[in-house]
Amino acid sequence: SSRVLWTLAVTQLKMSRQSPNILITGTPGTGKTTLSQTLAERSARSPAEFGGVELKHVNVGDLVKGKIAS
């Protein structure tokens with residue numbers, strides 16, 4: 001998660017108007033979904049902690065299957 005915070009900090013320093021896309025990869029059962037959901041929930045509760053960026057959890061599999069509007 002320190003890499004996620006680093007990415008958000010760099011994005012904020014660049015004054016980017018777009019939120020970064022962060023892809024979490026790993027083998028099955030390593031907590032990728034749990035980590036991304038937790039980060040999204042925390043950013044919604046305290047956006048200042050994430051540089052004012054509110055993260056959104058998107059399951060790529062659901063996106064590909066058309067379950068989520070892009």
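User: Why is Glu54 called exposed?

Analyst: Exposed is the word for a relative accessible area over 50%, while buried means under 20% and partly exposed covers what is in between, with a 1.4 Å probe and protein chains only. Glu54 has a relative accessible area of 53%, and therefore it counts as exposed. This is a predicted model, in which local features need pLDDT of at least 70 and side-chain atom pairs count only at pLDDT 80 or more, while totals for chains, interfaces and linings use all residues. Residues are numbered from 1 along each chain as its sequence is written, and side-chain values use heavy atoms, with hydrogens and water left out.

User: Where does Glu54 lie, and what does Glu54 touch?

Analyst: Glu54 lies in the loop between helix 2 and helix 3, the latter being residues 60-64; helices (H or I, at least four residues) and strands (E, at least two) are DSSP runs, numbered from the N terminus. Contact means heavy atoms within 4.5 Å, and, not counting residues up to four places away in sequence, Glu54 touches Ser43 and Ala44. Glu54 and Glu41 are 13 residues apart in sequence, with 8.8 Å between their C-alpha atoms.

User: How many helices and strands does the chain have?

Analyst: The chain has three helices and zero strands, and along the sequence its pattern reads α-α-α.

User: Why is Ser36 called buried?

Analyst: The relative accessible area of Ser36 is 16%, so Ser36 falls on the buried side of the cut-off. Ser36 belongs to helix 2, which runs over residues 32-45, and touches Ile24 and His57 when residues up to four places away in sequence are not counted.

User: Which residues of helix 2 are buried, and how do you know which side of helix 2 they are on?

Analyst: In helix 2 the buried residues are Ser36, Leu39, Ala40 and Ser43. They cover an arc of only 95° around the axis, and therefore they are on the same side of helix 2; the arc is that of the directions from the helix axis to the C-beta atoms. An α-helix has 3.6 residues a turn, so residues three or four places apart point the same way. On the other side of helix 2, Thr34 and Arg45 are exposed.

User: What span is expected for helix 2, and what does helix 2 reach?

Analyst: The expected span of a helix is 1.5 Å times one less than its number of residues. Helix 2 has 14 residues and reaches 20 Å from its first C-alpha to its last, which is close to the 20 Å expected.

User: What makes Thr38 and Ile24 count as partly exposed?

Analyst: Thr38 has 37% relative accessibility, so it counts as partly exposed, and Ile24, at 29%, is therefore partly exposed as well. Thr38 lies in helix 2, whereas Ile24 is found in the loop between helix 1 and helix 2. Among the residues that Ile24 touches, with those up to four places away in sequence left out, are Lys32 and Leu35.

User: What makes Leu23 count as exposed, and which residues make a nonpolar surface patch with Leu23?

Analyst: Leu23 has 65% relative accessibility, so it counts as exposed, and its place is in the loop between helix 1 (2-13) and helix 2. Together with Val60 and Val64, Leu23 makes a nonpolar surface patch of about 330 Å². Accessible areas come from the Shrake-Rupley method with a 1.4 Å probe, and for residues only the protein chains shown count as cover.

Key. Patches are made of residues with over 30% relative accessible area and no salt bridge: like charges are joined within 9 Å, nonpolar side chains (Val, Leu, Ile, Met, Phe, Trp, Tyr) within 5 Å. A salt bridge is a side-chain nitrogen of Lys or Arg within 4 Å of a carboxyl oxygen of Asp or Glu.
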